[in-house]
Amino acid sequence: VFNCSDTLDYLTMAKFFKGLASSGAWACFDEFNRIDIEVLSVVAQQLLTIQNALKAEVSRFTFEGREIRLVQTCGVFITMNPGYAGRTELPDNLKALFRPMSMMVPDYTLVAEVMLFSEGFNDAKTLSRKMVMLYKLSSE
């Protein structure tokens, strides 16, 4: 997971993508929409090049003027917080390269209850409510 900022440029992103493509690793770019719009346009072309090579199932491809190895397991994921100040809207050509997915806050009480039951606690329902309240109060 890499936390993006408005100081990222297309050369830095190209280094990331070269490493991911040649090693087959995955990366999640957190708050991707903090990157400047000009950089995002270039990033869209870089990602499109990698995706096209993945679709063609080649073992080597040309990326940013250099031929590099491609391991088919590589993956790029992004997170965005669209409602905050200083965030940019993704260009359409970049949006098309990712599958949108909505997230929601989990039911912490249910998660705690299941975990407690799985560990053998008989009164997990009551304990889970108390645990969630304890953590909520301690975080304030």
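Is Phe29 buried or exposed? Phe29 is buried, as its relative accessible area is 0%. Please bear in mind throughout that this is a predicted model.

Let me stay with the aromatic residues. Phe29 pairs with Phe32 in a tilted arrangement, with 6.2 Å from centre to centre and 55° between the planes. Phe32 is likewise buried, at a relative accessible area of 1%. A second pair, Phe61 with Phe63, is edge-to-face, with the centres 6.1 Å apart and the planes at 65°. Both partners are buried: Phe61 has a relative accessible area of 8%, and Phe63 has one of 1%. Over the whole structure, the search returns 8 aromatic pairs. One aromatic cluster is made up of Phe2, Phe16, Phe17, Phe29, Phe32 and Phe98.

I turn now to the nonpolar core. The largest such core holds 27 residues, and the members that touch the most others are Met13, Phe17, Phe29, Phe32, Ile35, Phe61 and Leu94. Which elements give two or more residues to this core? They are helix 1, residues 10-23; strand 2, residues 26-30; helix 2, residues 37-56; and strand 3, residues 60-63. Helix 2 supplies the largest share, with 7 residues.

Next comes helix 4, which spans residues 108-118. Which of its residues are buried? They are Ala112, Glu113 and Leu116. Viewed down the helix axis, the buried residues of helix 4 fall within an arc of 105°, and therefore they line one face of the helix. As background, an α-helix has 3.6 residues a turn, so residues three or four places apart point the same way. The buried residues of helix 4 pack against helix 5, residues 124-139, whereas Met115 and Ser118, on the other side of helix 4, are exposed.

At its start, a side-chain oxygen of Asp107 comes to within 3.2 Å of the backbone nitrogen of Thr109. After the helix comes Gly120, with a positive phi near 100°.

A brief word on a loop. Ser5 is located between strand 1, residues 2-3, and helix 1. Its side chain makes a polar contact of 2.7 Å with the side chain of Thr7. Leaving out residues up to four places away in sequence, Ser5 touches Arg34 and Ile35.

Finally, the cysteines. How many disulfides are there? The count is 0, where the rule requires a pair of cysteine sulfur atoms within 2.5 Å.

Terms used. Residues are numbered from 1 along each chain as its sequence is written. This is a predicted model: local features need pLDDT of at least 70, side-chain atom pairs count only at pLDDT 80 or more; totals for chains, interfaces and linings use all residues. Side-chain values use heavy atoms; hydrogens and water are left out. A nonpolar core is a set of buried Ala, Val, Leu, Ile, Met, Phe, Trp, Tyr and Cys residues joined through side-chain atoms within 4.5 Å. Buried means under 20% relative accessible area, exposed over 50%, partly exposed in between (1.4 Å probe, protein chains only). Helices (H or I, at least four residues) and strands (E, at least two) are DSSP runs, numbered from the N terminus. The arc is that of the directions from the helix axis to the C-beta atoms. Contact means heavy atoms within 4.5 Å. A polar contact is a pair of N or O atoms within 3.5 Å; within protein, one must be able to donate a hydrogen and the other to accept it, and residues adjacent in sequence count only if both atoms are side-chain atoms. Rings of Phe, Tyr and Trp (its six-membered ring) pair if their centres lie within 6.5 Å; planes under 30 degrees apart count as stacked, over 60 as edge-to-face and the rest as tilted.
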